[in-house]
Amino acid sequence: MNQDIFLRHACVTFQTGGRQVSALRDATIRFPTGQVTALVGESGSGKSVLGMSLLQLLPSTARVEGSCHYGQTDLYRCSEAEMREIRCKHIGLIPQNPVQSLNPVLRLSRQLTEPLRAHCGKSRSQALASVRGSLRSFGFSSPDAILNSYSFQLSGGMNQRIVTCMGLACQPEWVIADEPTKGLDTVLRRQVYDVLRSLRNSGAGSMILITHDLLLARKLCDRVAVLYQGMIVEQGPCAQIFDHPRHPYTQGLVRSIPECGMMPIPSHLEQREASASPCPFYVRCAQAGAACTEGPLPAVAATPDSFVRCIHYAQSRPRQ
């Protein structure tokens, strides 16, 4: 199929404790084919919720609205049978935290061959032959030893390569990599980066990288979307986002990188009520003013391929 993925006005709410919690708010974004797009932001910003909504892998308590088109197919309107045809074969998933994603009581041979047998119709011998080749391409010199092992017998970096192999088993056009460096030390993060870079350079497909690792996003991605409390507050080319951030939250994220000063974003400024503004960053924003409490929150085109959702930015732009 090899098509863009296009979300329009996507909203996700969860019913919990007798109330509704908004996890994704009015998200509109195009993921161009042939490129790597990062979703970045603090924990709880809605990155993984957005990614898992594409594959209908959210829990039953989630209510999803809007549309998500993959070519002519609206992924939000597909039946479970239709999604089983799309998952793995067209859109693969590299899940976060391989320790939790792999079953410790099943040999890796069974787990690695399952996608090929379930989604590609391969026999056990065909699936094993394909998996052996994939393991070699990811640096495992003894594939049979890996296939006969359990996940708890391998290191974190090795298990990360294992779940990557599983996500790529059916050679999907798209790959969603969900927090691939979460909880890993510097050495293992470097291993994961090498795996993802090899994937990108191989031309295996397009990728959505969900991460809080800003350095990984900067080194690997073509485009970046910045989320805060379920809202995409800025999106654009990677170099522009990191070198010339426009939204106050994006500016704070960049300044928090050790190489850029390691300045944390304040948790709260003055006595502001979050309900006073449509902007979720209002209570933490040093640039906030009276205008931030008035009217809707606009998505302003900063350049033809970038957007900023900020009243302050919209009003400070020079008039044409």
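**Close-up views of a predicted model**

**View A. H9 is partly exposed, with a relative accessible area of 46%.** Buried stands for a relative accessible area under 20%, exposed for over 50%, and partly exposed for values in between, with a 1.4 Å probe and protein chains only. The model is predicted, so local features need pLDDT of at least 70 and side-chain atom pairs count only at pLDDT 80 or more, while totals for chains, interfaces and linings use all residues. Residues are numbered from 1 along each chain as its sequence is written, and side-chain values use heavy atoms, with hydrogens and water left out. H9 is found in strand β1 (residues 5–16). Helices (H or I, at least four residues) and strands (E, at least two) are DSSP runs numbered from the N terminus. Although H9 is not a glycine, its phi is positive, about 50 degrees. Most residues other than glycine have a negative phi.

**View B. E179 is a residue other than glycine with a positive phi, near 50 degrees.** The loop between β7 (174–178) and α8 contains E179. E179 counts as buried, at 7% relative accessibility.

**View C. Helix α1 (residues 47–54) is largely enclosed by the rest of the structure, because 7 of its 8 residues are buried.** The buried residues are K47, V49, L50, G51, M52, S53 and L54. Q56 follows α1 and has a positive phi, near 55 degrees.

**View D. In the largest nonpolar core, which has 61 residues, L135 and I162 touch the most other members.** Helix α8 (residues 186–201) supplies the largest share of this core, 6 residues. A second, separate core has 32 residues, including I5, I86, I210 and I232. A nonpolar core is a set of buried Ala, Val, Leu, Ile, Met, Phe, Trp, Tyr and Cys residues joined through side-chain atoms within 4.5 Å. Neighbours within four places in sequence left aside, L135 is in contact (heavy atoms within 4.5 Å) with L112, F140, P143, I146, L147, I162 and C165.

**View E. The search of the whole structure finds 0 disulfides.** C279 is in no disulfide, and the nearest cysteine sulfur, that of C310, is 6.3 Å away. C310 is likewise in no disulfide; the cysteine sulfur nearest to C310 is that of C285, 6.3 Å away. The criterion for a disulfide is a pair of cysteine sulfur atoms within 2.5 Å. C279 counts as buried at 13% relative accessibility, and C310 counts as buried at 7%.

**View F. The largest cavity holds about 80 Å³ of space.** Its lining has 13 residues, of which C279, C285, A288, C292 and C310 are the closest to its centre. The structure holds 3 cavities of 30 Å³ or more. A cavity is a set of points, on a 1 Å grid over the protein atoms alone, where a 1.4 Å probe fits but cannot get out; lining residues have an atom within 4 Å of a point. Grid points are joined across faces, edges and corners, and a volume is the space filled by probe spheres set on the points. The lining of the largest cavity has 10 nonpolar, 3 polar and no charged residues. Ala, Val, Leu, Ile, Met, Phe, Trp, Tyr, Cys and Pro count as nonpolar, Asp, Glu, Lys and Arg as charged, and the others, Gly among them, as polar.

**View G. The second largest cavity holds about 50 Å³ of space.** V40, L214, V224, V226, I241, F242, T250, L253 and V254 form its lining. At least two lining residues come from each of β9 (223–228), α10 (238–243) and α11 (248–256), and α11 gives the largest share, 3 residues. By class, this lining has 8 nonpolar, 1 polar and no charged residues.

Terms used: 1 Å grid on protein atoms, 1.4 Å probe; cavity = no way out; pocket = protein on both sides within 12 Å on 5 of 7 lines; lining within 4 Å.
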